Amino acid sequence: MIKSELVLKLAEQNPHLYQRDVENIVNAILDTIADALARGDRVELRGFGAFSVKKRDARTGRNPRTGESVSISEKVVPVFKTGKEMRQRLNLPQKVLKTAAQ
Amino acid sequence: MAGKTVTRADLSEAVYQKVGLSRTESAELVERVLAEICDSLAVGETVKLSSFGSFIVRSKGERVGRNPKTGVEVPINPRHVMVFKPSNVLKAHINGEVATGED
């Protein structure tokens with residue numbers, strides 16, 4: 001599923017909203033998560049998972065093709081840890097899943 | 001990096017501020033968005049959110065693990081796990097840069 005498909009699905013479920021509004025809603029959510037991470041905050045969504053950031057120290061890397069060493073500066077990377085409920089859902093037998101979905 | 005923790009409440013506040021729905025409806029929609037993402041992943045489907053990142057479901061094979069405390073071998077059953085692959089745009093944003101290149 002890609003973002004536009006997500007927007008379409010939500011727009012169908014919410015006929016009182018314009019598709020443009022649904023798009024803004026999805027973007028507002030994603031932007032809020034991204035901005036929080038940019039500030040170094042954690043984002044915890046129970047039942048789904050948690051986003052956080054980790055600092056990576058500067059290091060000397062190597063171009064694998066040429067063997068040249070290149071310096072890689074310090075950076076921050078986003079990490080995601082799947083929530084407990086989601087982890088369990090991913091491992092439900094498919095049959096159970098279909099009956100559980102509404 | 002001790003910061004605050006952003007939760008569903010902050011996401012619905014953002015939706016409320018930016019989209020102009022009622023607070024109740026904003027909260028419901030945040031829930032619906034997450035539920036749709038979860039439902040897709042639960043059936044093994046990849047979810048790609050452009051300029052944010054992708055959630056991918058991976059299958060792990062069975063392997064032998066070891067209880068690190070006792071050293072006892074335990075079989076780890078095959079299972080599905082979900083991984084998040086951040087987009088270049090997100091990675092750049094977090095580092096206070098502007099993304100270059102595709103995506």
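Tutor: Chain A is divided into domain 1 (1-41) and domain 2 (48-102), with bounds from an automatic or database domain assignment. This is a predicted model, in which local features need pLDDT of at least 70, side-chain atom pairs count only at pLDDT 80 or more, and totals for chains, interfaces and linings use all residues. Residues are numbered from 1 along each chain as its sequence is written, chains are lettered from A and ligands numbered from 1 in the order in which they are written, and side-chain values use heavy atoms, with hydrogens and water left out.

Student: What makes chain A more spread out than a compact globule?

Tutor: The radius of gyration is taken over C-alpha atoms, and the globule rule is 2.2 Å times the number of residues to the power 0.38. For 102 residues that rule gives 13 Å, while chain A has 20 Å, well over it, so chain A is more spread out than a compact globule. The centres of its domain 1 and domain 2, taken over C-alpha atoms, are 21 Å apart.

Student: Why is the largest group of 46 residues called a nonpolar core?

Tutor: The term means a set of buried Ala, Val, Leu, Ile, Met, Phe, Trp, Tyr and Cys residues joined through side-chain atoms within 4.5 Å. Buried means under 20% relative accessible area, exposed over 50%, and partly exposed in between (1.4 Å probe, protein chains only). The largest such set here has 46 residues, and F48(A), F51(A), L41(B) and F55(B) have the most contacts inside it.

Student: How do you know that this core lies between the domains of chain A?

Tutor: Domain 1 (1-41) and domain 2 (48-102) of chain A both give residues to the core, so it lies between them.

Student: Which residues does L41(B) touch?

Tutor: Contact means heavy atoms within 4.5 Å. Leaving out residues up to four places away in sequence, L41(B) touches F48(A), M86(A), L90(A), V47(B), F55(B), V57(B) and M82(B).

Student: What makes β5(A) and β1(B) edge strands?

Tutor: Strands are DSSP runs of E, at least two residues, and helices are runs of H or I, at least four, numbered from the N terminus. Two strands pair if DSSP finds at least two bridges between them. The open sheet has the order β5(A)-β2(A)-β1(A)-β1(B), with mixed pairing. Both β5 (75-82) of chain A and β1 (5-6) of chain B have a single partner strand, so one side of each is left without a neighbour in the sheet.

Student: How do you know that β2(A) pairs with β5(A)?

Tutor: There are 8 bridges between β2 (residues 49-56) of chain A and β5(A), which run antiparallel. Among them, F51(A) has F80(A) as its bridge partner.
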